Amino acid sequence: MKIIKGISGSPGVTIGKVFLWIKKEKDLNYKGDEAKKIWREAKEALKEELNNRLLDLSETERDLVNFYLLLLDDPTFEEFLFEKIDEGLDFKTAVEITTERFKKEFLNLDVYFKMRAQDIEALKEEIFRVVVGESYPSLEEPSILVSKEVTPWQLINIPKDKLLGIVSEKGGVLSHLSIIARNLNLPLLIGANVLEIKGGELAILDGEKGILILDPSSQEVEKYQRLYERYKILQKKAIEFKNYVPKKENGEKFFISGNIGNLEDAFLALEQGAMGIGLFRTEFLFLERNDPPSEEEQYEIYKKVGDLFLNYPVIIRTLDIGGDKNVPYIQFEKEENPFLGLRGIRWSLYEKVLFKTQLKAILRASIGNNIHMMFPMVDLVEEVIEAKKIVKEAVEELEKEGKEYKIPPIGIMLETPISILNINRFADFVDFFSLGTNDLFQYTFAVDRTNEKVSYLYRPYHPAFWDLIKEAIDSAHKIGKWIGICGELGGDLRAFLLLYSLGIDEVSVAPLRIPILKLLSSKIAKVDVSFDSLQEDELLEVLDKHYQKIMEEIGS
């Protein structure tokens, strides 16, 4: 058994044989007038192909085709291409340089246009396909299609009767490939290394976790077969619930929000029906760079996300680094145990310059929307007091600079048992709480969940752990504070039932999970359990019983 990791472009689970689509080598060394003639012929053939299908397509697919047609008829595109041909370049190189130039122009624009830059790359492949006369793959049995790149137009034209899912090395979660795959309910894995795949082997495509399992064991196949049948029902009906507004048992709005790491994720969350952003992991803006983002860069991104959701809360978590998250251009002193060292708010209070720059960007971006600010890894009231002093300093600097700002609601993440025990002490200093269950579990059980030698301790349904979560929710509500969850546990369907039953105010999850949770919330009812008296297997049995009942209602 071998696991290939990637990024989920479209959720879902499927099992089938791998069809490895190896595309023809494109030796397109035409030059001069012949190259121009090849371009004109390919352009007209592709335009005819696109126009012939236009009336049969969905709105998203027509949007893609119209973009292709506009680019094919763009005189500046052809002029630049012909300039390159006149310089002596062969057809293939000239097309590659021309599309690369137009891609760069789009990449300098907003995130939406950055995603359209991928469509320019895909159009190049369509031109080459037409020139070499390459046909679409013919699947003789139900298959998972694997290729270096599957373009959106190829996906539209590949027969769907035997297509179970797609693995494409190229693509993005907001690309037309991903959007069309989601509309077709096809699991899609992008960013996977397809060189490791032979073709013909049995595989499981898990679009939930973003993995492809090659040559799975019989036990894995049996487990995923059950998931597959269940997911087919959920996936089909979840699409109708993107705009559904869930209610808590008391009739108040029950927020199902998105976890994001960048602006692209925010657009995806909006598309999936997110009721705001429950966690903006800002550390991703600091990674894969040679220097930290400026105040202005951060302001632009935070402002766009805040304005995207307007009246819904957008919770921006301040920089959460340390532990397993190191930023290359920041020097970290070696620590014996970094997970118990300088991380989260501890690091921000130690490195105040970067922290204050981020605070100023958030304060400026908070005007005219519902941005919230959240500090990570807080244990003590003193940490909040110190952080708020730096917020005050940031305000004073903005006033001197003549920049407008607004102080947003300020909350903290509950990631350690001591933070939950201190909830009453935080009452006068914070506006809301969010449970970070990934770290909360680690620090409660003193276990690294990625270490297989102690994996037997990874038991997220242990009643004592849920008793701790219940205490957090009850304590927050007793002091009149809002509380959500942004850890991975919130996206687990059984955990979702418990969180709803415990009266949590918000569940924030990966964007592609939102429609399914909204669907479940339309059928959900409170599960009455006493964690003091239940064993772990008994708790799971109770949850499975309720979950099966909901599934029966959904399937009826």
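What follows is a set of questions and answers on cores, aromatic pairs and salt bridges in this predicted model.

Biologist: Which residues have the most contacts inside the largest nonpolar core?

Modeller: That core has 94 residues. Its largest share, eight residues, comes from helix α13 (residues 381-401). A second, separate core of 50 residues includes Leu69, Leu81, Phe82 and Ile156. Within the largest core, the residues with the most contacts are Phe375, Leu435 and Trp466.

Biologist: Is Phe465, the aromatic partner of Phe445, buried or exposed?

Modeller: The two rings form an edge-to-face pair, 6.1 Å centre to centre with 70° between the planes. Phe445 lies in helix α16 (residues 437-445) and Phe465 in helix α17 (residues 463-478), so the pair ties together parts 20 residues apart in sequence. Phe445 is partly exposed, at 21% relative accessible area. Buried means under 20%, and Phe465, at 2% relative accessibility, counts as buried.

Biologist: Which ring does Arg494 lie over?

Modeller: Two arginines can be described here. Arg101 lies over the face of Phe80, at 4.6 Å from the ring centre. For Arg494 the distance to the ring centre is 5.1 Å, and the ring is that of Tyr461.

Biologist: How far apart are the closest N and O atoms in the salt bridge of Lys103 with Glu100?

Modeller: Both residues lie in helix α4 (residues 91-107), three residues apart, about one turn of the helix. Lys103 counts as buried at 16% relative accessibility, whereas Glu100 counts as partly exposed at 33%. The cut-off for a salt bridge is 4 Å, and the closest N and O atoms of this pair are 3.5 Å apart.

Biologist: What is the N to O distance between Arg129 and Glu126?

Modeller: These two residues both lie in helix α5 (residues 111-132), three residues apart. Arg129 and Glu126 are both buried. Their side chains meet in a salt bridge with an N to O distance of 2.7 Å.

Technical notes:
Residues numbered from 1 in each chain as written. Predicted model: local features only at pLDDT ≥ 70, side-chain atom pairs only at ≥ 80, totals over all residues. Heavy atoms only, no water. Core = buried A, V, L, I, M, F, W, Y, C linked by side-chain atoms within 4.5 Å. Buried < 20%, exposed > 50% of the residue type's maximum accessible area, 1.4 Å probe, protein only. Helix = DSSP H or I, 4+ residues; strand = E, 2+ residues; numbered from the N terminus. Phe/Tyr/Trp six-rings, centres within 6.5 Å; stacked < 30°, edge-to-face > 60°. Lys NZ or Arg CZ within 6 Å of the ring centre and 35° of its normal.
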